[in-house]
Amino acid sequence: MSHAHDLGALRKALRGRLEAAADVTLAPGELRLLLDEVGRLQQSNDRLRRQNRRLRLKLQRAGLTDDAAAADDAV
């Protein structure tokens, strides 16, 4: 069984449990899978932010950006 399939099945099961009850308990393996995925997503997000920033700075240096994009970069 692939990782993506496991994660999709887990999300579906958790949504079902959440609809059935206010409190949801996770098995250690389920929690580990979710935490691993959150970690991967965070790394990917950080990498994309760095790439985006580099591209904005490169465009800014080339004079191909407007002031709104430069203001967003400062935030």
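1. Leu10 touches Glu30, Leu33 and Leu34, residues up to four places away in sequence being left out of the count; contact here means heavy atoms within 4.5 Å. Leu10 belongs to helix 1 (residues 3-20), where helices (H or I, at least four residues) and strands (E, at least two) are DSSP runs numbered from the N terminus. With a relative accessible area of 7%, Leu10 is buried; the term buried stands for under 20% relative accessible area, exposed for over 50%, and partly exposed for what lies in between (1.4 Å probe, protein chains only). From the C-alpha atom of Leu10 to that of Leu31, 21 residues apart along the chain, the separation is 10.0 Å.

2. On the basis of the model: it is predicted, so local features need pLDDT of at least 70 and side-chain atom pairs count only at pLDDT 80 or more, while totals for chains, interfaces and linings use all residues. Residues are numbered from 1 along each chain as its sequence is written, and side-chain values use heavy atoms, with hydrogens and water left out.

3. The chain holds three helices and zero strands, in the order α-α-α along the sequence. Of its 75 residues, 9% count as buried. The accessible surface is about 6300 Å², and 56% of that belongs to carbon and sulfur atoms; accessible areas come from the Shrake-Rupley method with a 1.4 Å probe, and for residues only the protein chains shown count as cover.

4. How do helix 1 and helix 2 cross, and at what angle? Their axes come within 11 Å, and the crossing angle is roughly 115 degrees, helix 2 being residues 28-62. This makes helix 1 roughly perpendicular to helix 2. The crossing is left-handed. Axes are lines fitted to C-alpha atoms, for helices over the stretch in contact, with angles running from 0 to 180 degrees between N-to-C directions. Angles of 65 to 115 degrees count as roughly perpendicular, under 35 as roughly parallel, over 145 as roughly antiparallel and the rest as oblique. Left-handed means that the near helix is turned anticlockwise from the far one by less than a right angle; clockwise gives right-handed.

5. Helix 1 contributes His3, Asp6, Leu7, Leu10, Leu14 and Arg17 to this contact, and helix 2 contributes Glu30, Leu33, Leu34, Glu37 and Arg40. By class, the residues of the contact are five nonpolar, one polar and five charged. Ala, Val, Leu, Ile, Met, Phe, Trp, Tyr, Cys and Pro count as nonpolar, Asp, Glu, Lys and Arg as charged, and the others, Gly among them, as polar.

6. Leu7, also a helix 1 residue, is buried at a relative accessible area of 7%. Beyond four places in sequence, Leu7 is in contact with Leu33, Leu34 and Glu37. Leu7 and Glu37 are 30 residues apart in sequence, and their C-alpha atoms are 8.4 Å apart.

7. The contacts of Glu37 beyond four places in sequence are His3 and Leu7. Glu30, likewise found in helix 2, is buried with a relative accessible area of 18%.

8. Val24 sits in the loop between helix 1 and helix 2 and is partly exposed, with a relative accessible area of 31%. Its contacts, neighbours within four places aside, are Leu14, Arg17 and Leu18. Val24 and Leu14 are ten residues apart along the chain, with 7.7 Å between their C-alpha atoms.
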